[in-house]
Amino acid sequence: MGYDPENPMKDRITDIGPPHYEQFFPPVIKENYGKWLYHEIVRPGVLKHVSETGAECYTIRVGSPRLISVEHIREICDIADKHCDGFVRWTTRNNIEFMVDSEDKVQPLLDDLASRGNKFPVGGTGASVSNMVHTQGWIHCHTPATDASGVVKAVMDELFEYFVEMKLPAKCKLALACCLNMCGAVHASDIAILGIHRKPPMIDHEAITGVCELPLAIAACPLGAVKPAKATLESGEEIKSVKVNAERCMFCGNCYTMCPAMPLADPEGDGCAILVGGKVSASRGGATFSKLVIPFLPNNPPRWPEVVQAVKKILEAWAKNARKYERLGEWAERIGWEKFFEVCDIPFTEKSIDDYRLAYDTWRTTTQFKFTSHIK
Amino acid sequence: MPKHDTPMMDELEKGPWPSFVSDLKRQAEKSPQCWDILGQMELSFKDRITHWKHGGIVGVFGYGGGIVGRYSDVPDKFPGVAHFHTVRLNQPSSKFYSTEMLRKVCDLWEKRGSGMTNMHGSTGDLVLLGTRTEELEPLFYDLTHDLNWDLGGSGSNLRTPSCCLGKARCEWACYDTQAACHTMTMHYQDEIHRPAFPYKFKFKFSGCANDCVAAAARSDLATIGTWRDKIRINQDEVKKYISGENKQNGGGVDDSFGKFDIQKDVIDLCPTGCMWMEDDELKIDDAECTRCMHCINIMPKALRPGTDTGATIMMGAKAPILDGAQLGTMIVPFIKMDPENDFEELVDIIEKVWDWWMENGKNRERLGETMQRVGLPTFLRVMEIEPIPQHVKEPRTNPYVFWREEEVEGGWDRDIKEFRKRHAM
């Protein structure tokens with residue numbers, strides 16, 4: 001029984017896919033599948049869904065650091081066993097959702113969660129800051145320009161009140177990706193923190209022959225800055241290698257993804273950019289991209305104070321000035337981006353002016369602008 | 001007992017948000033390698049740089065994806081994380097679990113790995129974070145035999161599809177997102193497990209235009225629920241919003257931003273201006289509606305999507321690497337999403353685009369980039385889709401049309417000598 005290393009293909013099972021979702025539905029979900037009529041947010045973090053049958057489902061949404069242990073999951077299971085018939089779910093934004101089928105079960109569940117220290121904050125609904133989606137950072141990734149879990153912890157500690165209350169004009173979705181590969185896809189978030197490099201790759205000539213396909217490394221550069229070149233090893237041997245035209249480098253790191261002999265991470269070179277005003281939902285206008293408003297802030301562990309303060313300042317300027325239902329990007333569009341920089345007290349630099357592909361689309365081609373303090 | 005001094009990690013145990021550091025320490029009592037995770041993290045915080053090596057090809061026999069190899073570049077200091085491979089489990093549609101199943105995953109992972117997880121990875125997988133090469137085959141054996149569960153995707157393949165919670169607990173789901181996601185996942189197991197594509201390919205399924213899984217921004221093929229008849233209106237509930245009896249936005253926004261005002265909050269914010277009040281009733285000119293969901297979001301008790309529902313297909317969304325970020329381009333305005341015929345219409349679209357992209361996509365070129373390179377008219381032609389004004393925001397502003405020879409009377413073959421007989425040099 002069990003895996004036999006002498007005979008690895010014996011009884012092998014493959015391509016069975018994930019377990020079928022239906023077996024994991026709480027009874028109230030199973031019985032009312034496709035019959036839901038409307039929902040309300042009863043209080044921050046508590047949703048009430050009402051079915052055509054009259055059945056009700058109360059959902060308690062709880063924040064989580066995403067990076068969690070099996071001991072933590074077992075505690076979640078204990079809670080779900082005690083209150084939720086042994087079922088629980090996770091949201092796209094790494095929140096945990098506990099569901100119960102009547103109102104009288106809500107308070108005992110909330111009390112139980114509150115009794116467990118700071119492990120299970122209830123919130124993230126409606127006009128709040130929802131949990132941050134993020135990437136791996138220094139806990140697991142080989143290409144990051146910043147950490148993920150540490151920065152997120154620091155930001156969410158500071159913005160905690162906006163997670164547990166609903167006092168913003170609209171929802172605000174925060175995200176962090178620790179490099180430009182953006183496995184966290186932060187390019188359509190209200191406020192995004194993005195790890196960036198600022199030093200061109202070094203070339204490890206001693207290693208490159210063994211670990212890289214040179215044509216792939218050369219083709220990896222979107223700006224043609226990586227060229228074939230000869231190099232001389234310490235042994236005196238001449239080898240085929242590459243060189244980098246640093247002036248053309250935009251620090252995307254794609255060469256390092258393809259070639260481990262071209263590392264570019266650096267304690268001084270790396271840090272965070274802040275991009276704002278993106279959204280995914282089609283509500284009112286369609287999905288929009290986040291725009292780069294702060295080109296660089298340093299990596300300053302353990303709490304990244306510069307990043308945390310920048311995010312908070314932008315969030316609170318928006319909260320104070322936006323109209324009801326106006327997402328951050330809609331507000332910035334309405335007042336004009338020149339005004340956004342002024343109101344948020346962010347210095348405008350040439351780094352916010354696009355000079356990559358399709359850049360012209362973002363240049364102003366009218367005489368209609370506002371006379372802000374930028375015009376001397 | 002802690003193995004390393006971790007003052008910066010310890011700092012992150014403070015504050016109101018749940019601490020992954022406290023959690024790591026708790027797990028370390030059972031999984032001692034967690035002390036080395038903390039130790040290496042502390043070193044990264046001190047050095048302000050990662051200490052993970054580039055790549056490492058590991059996996060299970062017969063699969064080209066699902067495991068991501070990872071090795072420490074300081075293994076002597078932190079032997080517990082010398083190997084730290086990631087295992088991606090394909091999550092069940094919309095991430096409902098029984099505690100019985102979760103506890104089995106926990107036991108398996110405590111036995112075979114670090115005990116640390118991501119619930120969940122960015123693409124949707126349940127991620128088991130950190131194990132050694134020799135544990136991979138036994139883990140896969142137990143996973144498939146005891147838990148009846150399989151790995152997700154990684155590399156240049158179909159990545160693990162994901163979906164919103166759909167009809168399970170949402171009144172706005174215009175099709176069964178969970179059934180669609182699960183059916184496609186099962187239908188394309190080979191494409192998930194054995195990379196044969198130019199680059200990664202993502203499916204995401206959202207039940208409505210609110211797009212809770214960010215399909216429009218993140219997936220090469222986004223299936224987004226919509227309807228083509230009329231928004232259902234309950235006029236009695238409209239009146240209760242106006243009177244203040246119903247909570248605006250379902251209670252999602254505070255009255256301090258202003259009490260509900262149907263003109264200001266709904267009618268004036270409608271992007272097409274297709275709503276008005278008439279004799280105390282809310283009227284909608286549905287032919288002008290573009291189904292953005294704003295009014296429905298604000299008055300969930302009074303307004304609901306129509307009943308002739310299906311989905312719009314968008315293609316080509318991706319994050320910035322390399323040509324810049326792209327949002328999905330609307331390709332197929334409407335298809336029915338029918339679980340009874342295993343989503344046949346969707347399967348046809350998927351196979352047509354894959355056939356073409358596998359042939360024409362360059363190495364590490366996402367579908368959106370291939371589409372940009374060949375142009376939307378060419379792409380629509382290979383997809384055998386008739387061009388319609390809905391495919392563009394506005395017509396092109398330059399006159400550089402790539403006319404094809406067969407479109408021009410008499411073709412392109414001409415005789416310069418004949419031309420010269422009539423037109424002297």
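**Chain B: where domains 2 and 3 meet**

In this predicted model, five residues of domain 2 of chain B are in contact (heavy atoms within 4.5 Å) with six residues of domain 3 of chain B. Local features need pLDDT of at least 70 and side-chain atom pairs pLDDT 80 or more, while totals for chains, interfaces and linings use all residues. Residues are numbered from 1 along each chain as its sequence is written.

**The interface**

- About 460 Å² is buried between domain 2 of chain B and domain 3 of chain B, with carbon and sulfur atoms giving 59%; this is the accessible area (1.4 Å probe) that the two parts lose on being put together, summed over both.
- On the side of domain 2 of chain B that touches domain 3 of chain B, the residues comprise three nonpolar, one polar and one charged; nonpolar covers Ala, Val, Leu, Ile, Met, Phe, Trp, Tyr, Cys and Pro, charged covers Asp, Glu, Lys and Arg, and the others, Gly among them, are polar.
- Zero salt bridges are found across this interface, a salt bridge being a side-chain nitrogen of Lys or Arg within 4 Å of a carboxyl oxygen of Asp or Glu.

**The domains**

- An automatic or database domain assignment divides chain B into domain 1 (7–145), domain 2 (162–219 + 313–405) and domain 3 (232–304).
- The centres of domain 2 of chain B and domain 3 of chain B, taken over C-alpha atoms, are 32 Å apart.

**The whole chain**

- The C-alpha trace of chain B spans about 90 × 80 × 45 Å along its principal axes.
- Of the 425 residues in chain B, 58% are buried (under 20% relative accessible area, 1.4 Å probe, protein chains only).

How values were computed
Chains are lettered from A and ligands numbered from 1 in the order in which they are written. Side-chain values use heavy atoms; hydrogens and water are left out. Buried means under 20% relative accessible area, exposed over 50%, partly exposed in between (1.4 Å probe, protein chains only).
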